[in-house]
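Subject: Structure handover

Hello,

Please find the structure below, with notes on what was found in it. The notes go through the charged pairs, the strands, the rings and the cores in turn.

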Amino acid sequence: MIAHEIDYKIYGEEMQYVEIELDPQEGVVAEAGSFMMMDDGIKMETIFGDGSQNDSGFLGKILGAGKRILTGESLFMTAFYNNLTGKRHVSFASPYPGKIIPIDLTAFQGKFICQKDAFLCAAKGVSIGIEFSKKLGRGLFGGEGFIMQKLEGNGMAFVHAGGTMAKKVLQAGETLKVDTGCIVGFTQDVDYDIEFVGGIKNTVFGGEGLFFAKLQGPGIVYIQSLPFSRLAGRVLASAPKGGGKNKGEGSILGGIGDLLDGDNRF
């Protein structure tokens, strides 16, 4: 299916949103919960799967929804259509601080592989499917399991990276080692595997996990500085336990410092 040719503009720095410009009869599909705002006259429709041609028919829609369950996403997606004359705009927001990355699938030979929760929205006609890991080590220890998302087609898609985004262009045979949770996505020619950190001290006391992601070119890799799992882990670690107060990280005096600097709102 030929994807709709949408125009877009990304706003903001740390908490970005993308505004999609829809010509008459154009549409965009998005993750449930990513919608921010839209002009009057745009029709919103909840659909199974991604609405691409591969999901045509009842069985295709069920299979498309099943694929999304495997990747841990919502059973439904939301489609937005401009059924009126003139241009209309619809916007989608990033779920936490970071960067929105525009992916032109035509420039990537029609396929881009990304982590399971990176997808934000895409032009109508882009297929959002699953990519099974073919290597045992990658599936067991890669942080993303055996399944990642794949975006296929000839249109624009948008993915989200937490924190600051780094784009690395790898030459043939060039290797990059990355924390497994920091991968946003990569082009289909990149070889992705897992490598053991090595060394008893590194393994027991390093605090960086037991494995690196090993990415080998040629291809393009997108890396995020703040995976949501890392952010959530720090928030949980700092949360009061058992109804107690916080740990006083805001002052060298700890809890006493909270009394002195007025940080006792909770």
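E21, D23 and K87 are linked in a network of salt bridges; a salt bridge here is a side-chain nitrogen of Lys or Arg within 4 Å of a carboxyl oxygen of Asp or Glu. Before the rest, two notes on the basis. This is a predicted model, in which local features need pLDDT of at least 70, side-chain atom pairs count only at pLDDT 80 or more, and totals for chains, interfaces and linings use all residues. Residues are numbered from 1 along each chain as its sequence is written, and side-chain values use heavy atoms, with hydrogens and water left out.

Salt bridges

The count of salt bridges comes to five. Side chains of opposite charge can pair when their charged atoms come close. In the bridge between K87 and E21, the closest N and O atoms are 3.6 Å apart. That pair links distant parts of the chain: K87 is in the loop between β6 and β7, E21 is in strand β2 (residues 17-22), and 66 residues separate them. Strands, like helices, are DSSP runs numbered from the N terminus (strands: E, at least two residues; helices: H or I, at least four). K87 is partly exposed, at a relative accessible area of 45%; buried means under 20% relative accessible area, exposed over 50%, and partly exposed in between (1.4 Å probe, protein chains only).

K111 and E131 also meet through their side chains in a salt bridge, at 3.1 Å from N to O. K111 lies in strand β9 (residues 111-114) and E131 in strand β11 (residues 127-132), so this pair ties together parts that are 20 residues apart in sequence. Are these two residues buried or exposed? K111 counts as buried at 15% relative accessibility, and E131 counts as buried at 14%. A further salt bridge is formed by E152 with K150, where the closest N and O atoms are 3.8 Å apart. E152 is partly exposed, with a relative accessible area of 28%.

Strands around β2

Strand β2, which holds E21, is mostly covered: five of its six residues are buried. Strand β1 (residues 7-11) runs antiparallel to β2 and is joined to it by five bridges; two strands pair if DSSP finds at least two bridges between them. Y8 stands opposite I20 in β2. The two strands β1 and β2 form a hairpin with five residues between them, and G12 in the turn has a positive phi of about 95 degrees. β2 and β7 also run antiparallel, joined by six bridges, with Y17 opposite A93 in β7.

Aromatic rings

Seven aromatic pairs turn up in a search of the whole structure. The rings of Y11 and Y17 have their centres 5.1 Å apart and their planes at 15 degrees, so this pair is stacked. By the rule used, rings of Phe, Tyr and Trp (its six-membered ring) pair if their centres lie within 6.5 Å, and planes under 30 degrees apart count as stacked, over 60 as edge-to-face and the rest as tilted. Y11 is partly exposed, at 26% relative accessible area.

F80 and F92 form an edge-to-face pair, with 5.3 Å between centres and 70 degrees between planes. This pair links distant parts of the chain, with F80 in strand β6 (residues 76-82) and F92 in strand β7 (residues 88-93), twelve residues apart. F80 is buried, at 1% relative accessibility, and F92 is buried at 0%. Ring pairs link F35, F80 and F92 into a cluster.

Nonpolar cores

A nonpolar core is a set of buried Ala, Val, Leu, Ile, Met, Phe, Trp, Tyr and Cys residues joined through side-chain atoms within 4.5 Å. The largest has 40 residues, and those with the most contacts inside it are F92, I103 and L151. Which residues does I103 touch, not counting residues up to four places away in sequence? They are F108, F112, G155, M156, A157, V159 and Y222, where contact means heavy atoms within 4.5 Å. Apart from that core lies another, of 15 residues, among them I113, L170, F186 and I194.

A buried serine

S34 lies in the loop between β3 (27-31) and β4 (35-38), and is buried at a relative accessible area of 6%. Not counting residues up to four places away in sequence, S34 touches S91, F92, A93 and L120.

Regards
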